[in-house]
Amino acid sequence: MKKQIFKITLVLGFALFTFCSKEIPREELEVKNGIAYEKGKATPYSGKVFTLYDNGEKKEETTFQKGKMEGPFTNWNQFGSPLLSGEWLNGKKSGVWTEYY
């Protein structure tokens with residue numbers, strides 16, 4: 001019985017990791033009625049979204065859940081230093097946001 005529970009937990013954990021590890025560039029999203037979709041898909045997008053500077057450095061990263069921003073947000077300068085960080089909750093800013101200079 002314990003082995004079955006362990007196996008189920010392992011499989012679910014792997015599936016959750018795989019599901020949450022999806023990451024696409026922001027230009028691959030389209031917004032309809034306030035909900036983000038991956039272009040060409042009918043279900044709201046869940047996963048990470050990023051933008052890049054021309055030099056290839058990451059500019060922004062945030063997470064979407066069911067088409068709305070949900071979770072951590074970070075914005076960096078073109079040299080990789082953080083500029084802004086905070087949390088989204090159901091598509092709205094939540095809690096303390098930190099601006100770096």
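Mentor: Let's start with a term: a nonpolar core is a set of buried Ala, Val, Leu, Ile, Met, Phe, Trp, Tyr and Cys residues joined through side-chain atoms within 4.5 Å. Keep in mind that this is a predicted model.

Trainee: Okay, which residues make up the largest nonpolar core here?

Mentor: The general idea is that in soluble globular proteins, nonpolar side chains tend to be buried together. In this chain, the largest such core has six residues: Ile 24, Leu 29, Ala 36, Tyr 45, Val 49 and Phe 64. Overall, buried residues account for 27% of the chain's 101 residues.

Trainee: What is Val 49 in contact with, leaving aside its neighbours within four places in sequence?

Mentor: Its partners include the core members Ile 24, Leu 29 and Phe 64. Pro 25, Arg 26, Glu 60, Glu 61 and Thr 62 are also in contact with Val 49.

Trainee: And the secondary structure: how many helices and strands are there?

Mentor: You'll find one helix and eight strands, in the order α-β-β-β-β-β-β-β-β along the sequence.

Trainee: In which sense do strand 1 and strand 4 pair?

Mentor: Strand 1 (residues 23-25) runs parallel to strand 4 (residues 47-52), with three bridges between them. Pro 25, for one, has Phe 50 as its bridge partner in strand 4.

Trainee: How many bridges join strand 4 to strand 5?

Mentor: Six, and those two run antiparallel, with strand 5 covering residues 58-65. Leu 52 is bridged to Lys 58. The two strands form a hairpin with five residues between them, and Gly 56 in the turn has a positive phi of about 90 degrees.

Technical notes: Residues are numbered from 1 along each chain as its sequence is written. This is a predicted model: local features need pLDDT of at least 70, side-chain atom pairs count only at pLDDT 80 or more; totals for chains, interfaces and linings use all residues. Side-chain values use heavy atoms; hydrogens and water are left out. Buried means under 20% relative accessible area, exposed over 50%, partly exposed in between (1.4 Å probe, protein chains only). Contact means heavy atoms within 4.5 Å. Helices (H or I, at least four residues) and strands (E, at least two) are DSSP runs, numbered from the N terminus. Two strands pair if DSSP finds at least two bridges between them.
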